[in-house]
Every structure is written in structure tokens, then in C-alpha cells.
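I opened my notebook to look around this fold one piece at a time. Come along and check each entry against the picture.

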Amino acid sequence: MHNPLDFRDNVVLVTGGGKGVGRGISRRFLACGAQVVICGRQAPERLPSVDGRQAVFLPCDVRDLEQLEQLMANILERFGRLDVLVNNAGGAPYAEAASASPRFSESIVRLNLLAPLNLCQLANRVMQGQPEGGSIINICSVSATRPSPGTAAYGAAKAGLLNLTRSLAVEWAPKVRVNAVTAGLILTEQAGLHYGDEHAVAQVAATIPLGRLAEPDDIGDTCLYLASPLARYVSGADLAVHGGGEYPAFLDAAKAQ
């Protein structure tokens, strides 16, 4: 019986695939046999690798359309196809909405919404011409579906990416499936910048029903499912990978009474 998680004939592009969540996604696809391409403004110190197989790094600032077009041309020249696109690159530093400059907000929206849209378009043109079509996965965030104080533009951009996912799934069917992963709080090498020291991370983890922050591999495994034949009838979906969500604050307040 064919293994539905056998990606040996697939070419997978993971934006921002050299660190954090992107690295976890890249390693999971490598472990399943895929040819993995990662991109970023700078090459990572260590390329994602599994059992001696390494990802291919191609330099690209995803905010620049000409660089995206060159990235796609390089992939086609080298591999001749693209089967899976994972739009993972994104993020935002803390900034209060009252004082954030218009230029700052525009840059956040460009990175987290417009860049994925542009790359989706380029990937779709390739995938529509392939007999097997393709799969696009947009990495979103719980910030898209709840208040996002300190990262308001980021939350708004990710909310836009969710809606974009649903729209593209309708427009590009049946050849190309488009889905989103709404990721919760994730333990990466930069977790300390967001949550504090180990004690603070433990306190944050205690607010999550499953008792821990997500690992990058948790997001990677969800991407494997969405890109595989197991999800052949899944498109326009938003899979929440957040450990059960965040514990409702009102419950603690109610107990205090």
C-alpha cells in the first residue's frame, strides 16, 4: 500500500525555512523524502537536514516581487516543478498601535499578507500546469482570531491571510488546494524574547489545556497532513494547532469570588 506521507517525488518550498517554525516544517518534509527548498534574506548557519539530506537554500526577500519571481524561476530551472508551498515567513516586533508609524505598519502588512499573496500567485501558475496540481499552506496565528495588543498590524494581516486562504481555495480549485494553519504559542529558539525566562515559559504553558507550548515539529506534522493525499478533500480549511487554546481568564476571576 502506498504511504500517503511519502513525499519522495515532491518539491516543497518553505519560506523562512531556516529557523524556528520554518526549520521544523522543513525537517519534517525532509524526513518524508521531499526535495525541500528554503528561502530567506540570509542563509542559516546550519541548513535543515535529516539523515544526511539537506534543504536547498535560495536567497530571497519575500517582500520583493522581483526576487520572488527569480526564486520561482530558480526552482523551476533546478527541479522543474513545485508541489507544495508553505508560506511561513512572517512576524512582527512589539509596537503599540497608538504610536506605530504608517511605514512600520505597511512593512508588517507587506511581510505577513502581501508577500504570501504574491508567492501564492506565482506558485499557482506553476501548479495549475501540473497534472497533480499542488498544495499551498499558509501559516497563520491565533493573533488573527483574538485581540493582538502590541502587534495589531500583525494580527490584522494574519486575519487577512485567513480570508485570502478561503478565497484562493475557491478560485483555484480543483487543481490547487489552499489551506491555513492557525498556530498557537510555539517554543522556538527565540521563545525567550516573547515569553521570558524558563519560569515564565512554564507559567505560559500552564495556561494551555495540553500543558505545553507547541514544538515546531507539531506545526510541521500538520503541514505534512495538509500536503498529503490524506487531505485530498480538504481545501479552504483553517486548522487550529494551539493545544486547546487559551484558558478563559473569566474562569479564574469567577473562582476568586
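**Entry 1: a word to settle.** I call a residue buried when its relative accessible area is under 20%, and exposed when that area is over 50%. I also noted that I am reading a predicted model.

**Entry 2: Val234.** Is Val234 buried or exposed? I looked it up and found 19% relative accessibility, so Val234 counts as buried. I found Val234 in the loop between H7 and S9. Beyond its neighbours up to four places away in sequence, Val234 touches Arg177, Asn179, Tyr225 and Leu226. I also checked Gly245: this residue and Val234 are eleven residues apart in sequence, and their C-alpha atoms are 22 Å apart in space.

**Entry 3: the sheet.** In what order do the strands of the open sheet run? I traced seven strands in the order S5-S2-S1-S6-S7-S8-S9, with parallel pairing. S5 and S9 (238-241) stand at the edges with a single partner strand each, so one side of each has no neighbour in the sheet. On average, neighbouring strands are turned by 20 degrees against each other, direction ignored. As a reminder to myself, strands of a sheet pair through backbone hydrogen bonds.

**Entry 4: Asn138.** I then picked a residue in S7, the strand of residues 134-141, and landed on Asn138. Asn138 has a relative accessible area of 0%, so I wrote it down as buried. Which side chain does the side chain of Asn138 meet in a polar contact? I found that of Asn87, at 3.0 Å. Setting aside residues up to four places away in sequence, Asn138 touches a list of residues that includes Cys120, Leu161, Thr165 and Val178. S7 and S8 pair in the parallel sense over eight bridges, and the bridge partner of Asn138 in S8 is Ala180.

**Entry 5: helix H4.** H4 packs on the sheet, where it touches S7, S8 and S9, and its direction makes about 155 degrees with that of S7. I checked its length too: the 20 residues of H4 should span 28 Å at 1.5 Å a residue, and the end C-alpha atoms are 29 Å apart, which agrees. Among the buried residues of H4 I listed Tyr154, Lys158, Leu161 and Thr165. What covers the buried residues of H4 includes H3, S7, S8 and S9.

**Entry 6: helix H7.** H7 covers residues 216-227, twelve residues in total, and reaches 17 Å from its first C-alpha to its last, close to the expected 16 Å. The buried residues of H7 include Pro216, Ile219, Cys223 and Leu226. H1 (20-31), S6 (84-87), S7, S8 and S9 are among the elements that cover them.

**Entry 7: the cores.** Nonpolar side chains tend to be buried together in soluble globular proteins. How many residues does the largest nonpolar core have? I read 35, and those with the most contacts inside it are Leu13, Leu71, Leu82 and Ile136. Elements that each supply at least two residues of this core include S1 (11-15), S2 (35-40), H2 (65-79) and H4. H3 gives the largest share of the core, eight residues. Apart from this core lies another, of 31 residues, among them Ile25, Cys32, Ala231 and Val241.

I ended on Leu13: leaving aside neighbours within four places in sequence, its contacts include Val37, Leu71, Ile75, Leu82 and Leu119.

Notes: Residues are numbered from 1 along each chain as its sequence is written. This is a predicted model: local features need pLDDT of at least 70, side-chain atom pairs count only at pLDDT 80 or more; totals for chains, interfaces and linings use all residues. Side-chain values use heavy atoms; hydrogens and water are left out. Helices (H or I, at least four residues) and strands (E, at least two) are DSSP runs, numbered from the N terminus. Buried means under 20% relative accessible area, exposed over 50%, partly exposed in between (1.4 Å probe, protein chains only). A polar contact is a pair of N or O atoms within 3.5 Å; within protein, one must be able to donate a hydrogen and the other to accept it, and residues adjacent in sequence count only if both atoms are side-chain atoms. Contact means heavy atoms within 4.5 Å. A nonpolar core is a set of buried Ala, Val, Leu, Ile, Met, Phe, Trp, Tyr and Cys residues joined through side-chain atoms within 4.5 Å. Two strands pair if DSSP finds at least two bridges between them. Axes are lines fitted to C-alpha atoms, for helices over the stretch in contact, and angles run from 0 to 180 degrees between N-to-C directions. The expected span of a helix is 1.5 Å times one less than its number of residues.
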